[in-house]
Amino acid sequence: MRNDLSDSSRVWIYQAERSLTPEEINYINERLTRFCISWTAHDQALKAAFDVLYQRFILLSVDETATGASGCSIDKSTRELKDISLHLNIDFFNRMNLAYLKDEQVLTVPLNETEQLKAQGEISEDTLFFNTLVKDLGDLKRQFLIPYKQHWINRTSK
């Protein structure tokens with residue numbers, strides 16, 4: 001990730017259904033490097049960056065203090081991620097799965113099974129869940145990994 005992007009830079013997080021292999025990460029790096037260099041909004045270059053986090057998440061970011069992302073430019077990024085998804089045969093768009101850390105390993109649970117895992121003792125109020133709904137880089141730094149008790153799923157499941 002570029003370190004010259006402001007904390008207010010907008011982010012989009014795409015979660016893979018499983019851990020990515022080194023070869024898949026290399027492919028993603030090649031594709032998104034080219035994409036970020038050429039990404040524009042209304043013919044203006046976007047100050048964009050990406051990263052692959054925890055071998056599971058693709059983070060795409062735009063510093064809108066320079067040029068704001070438009071609807072069309074966001075559509076371009078979505079198409080790029082869908083193309084990557086198809087090429088790798090990995091679903092980056094299933095929002096019904098949640099990821100959490102257990103023994104320093106990223107695990108995935110279907111949204112409707114979190115309460116069952118909690119009842120079984122597999123997860124607790126303090127289990128760290130990934131918050132893929134963060135809006136900007138500042139929030140990513142502060143709120144990407146949060147305890148279950150603070151995660152939106154805990155608030156909606158009661």
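Contact in this report means heavy atoms within 4.5 Å.

## Basis of the report

The structure is a predicted model, in which local features need pLDDT of at least 70 and side-chain atom pairs count only at pLDDT 80 or more, while totals for chains, interfaces and linings use all residues. Residues are numbered from 1 along each chain as its sequence is written, and side-chain values use heavy atoms, with hydrogens and water left out.

Helices (H or I, at least four residues) and strands (E, at least two) are DSSP runs, numbered from the N terminus. A residue is called buried under 20% relative accessible area, exposed over 50% and partly exposed in between, with a 1.4 Å probe and protein chains only.

## The nonpolar cores

A nonpolar core is a set of buried Ala, Val, Leu, Ile, Met, Phe, Trp, Tyr and Cys residues joined through side-chain atoms within 4.5 Å. The largest such core has 26 residues, and those with the most contacts inside it are Leu20, Ile28, Leu32, Trp39 and Phe92. Two or more residues each are given to this core by strand E1 (10-15), helix H1 (22-38), strand E4 (48-53), strand E5 (57-62) and helix H2 (71-88). H1 supplies the largest share, six residues.

Leu20 shows how this part of the chain is joined. When its neighbours within four places in sequence are left aside, Leu20 is in contact with Ile25, Ile28, Val52, Gln55, Arg56, Ile90 and Phe92. A second, separate core has 14 residues, among them Ile13, Ala49, Leu59 and Leu140.

Strands of a sheet pair through backbone hydrogen bonds, either parallel or antiparallel. Two strands are counted as paired if DSSP finds at least two bridges between them. Here an open sheet of three strands has the order E1-E5-E4, and its pairing is antiparallel. E1 and E4 stand at the edges with a single partner strand each, so one side of each has no neighbour in the sheet. On average, neighbouring strands of this sheet are turned by 15° against each other, direction ignored.

Six bridges join E1 and E5 in the antiparallel sense. Ile13 has Leu59 in E5 as its bridge partner, and Gln15 stands opposite Phe57 in E5. E1 is mostly covered, since five of its six residues are buried.

H1 lies across E4 and E5 and runs at about 170° to E4, whereas H2 lies across E1 and E5 and runs at about 20° to E1.

## Aromatic pairs

Rings of Phe, Tyr and Trp (its six-membered ring) pair if their centres lie within 6.5 Å; planes under 30 degrees apart count as stacked, over 60 as edge-to-face and the rest as tilted. A search of the whole structure finds eleven aromatic pairs. In one of them, the ring centres of Phe35 and Trp39 are 4.9 Å apart with planes at 40°, so this pair is tilted. Phe35 and Trp39 are buried.

Phe57 and Phe144 have ring centres 5.3 Å apart and planes at 80°, so their pair is edge-to-face. This pair links distant parts of the chain, 87 residues apart: Phe57 is in strand E5, and Phe144 is in the loop between helix H4 (137-143) and strand E9 (145-147). Both residues, Phe57 and Phe144, are buried. Together with Tyr54 and Phe130, Phe57 and Phe144 form one aromatic cluster.

## Hairpin and loops

Strand E6 (residues 97-102) and strand E7 (residues 105-110) pair in the antiparallel sense over six bridges. Lys102 has Gln105 in E7 as its bridge partner. E6 and E7 form a hairpin with two residues between them, and Asp103 in the turn has a positive phi of about 55°.

Positive phi values also occur in two other loops. Asp43, a residue other than glycine, has phi near 65°; Asp43 lies in the loop between strand E2 (40-41) and strand E3 (44-45) and is exposed, with a relative accessible area of 75%. Gln55, also not a glycine, has a positive phi of about 55°. The loop between E4 and E5 holds Gln55, which is partly exposed at a relative accessible area of 42%.

Note on methods: Axes fitted to C-alpha atoms, helices over the stretch in contact; angles between N-to-C directions.
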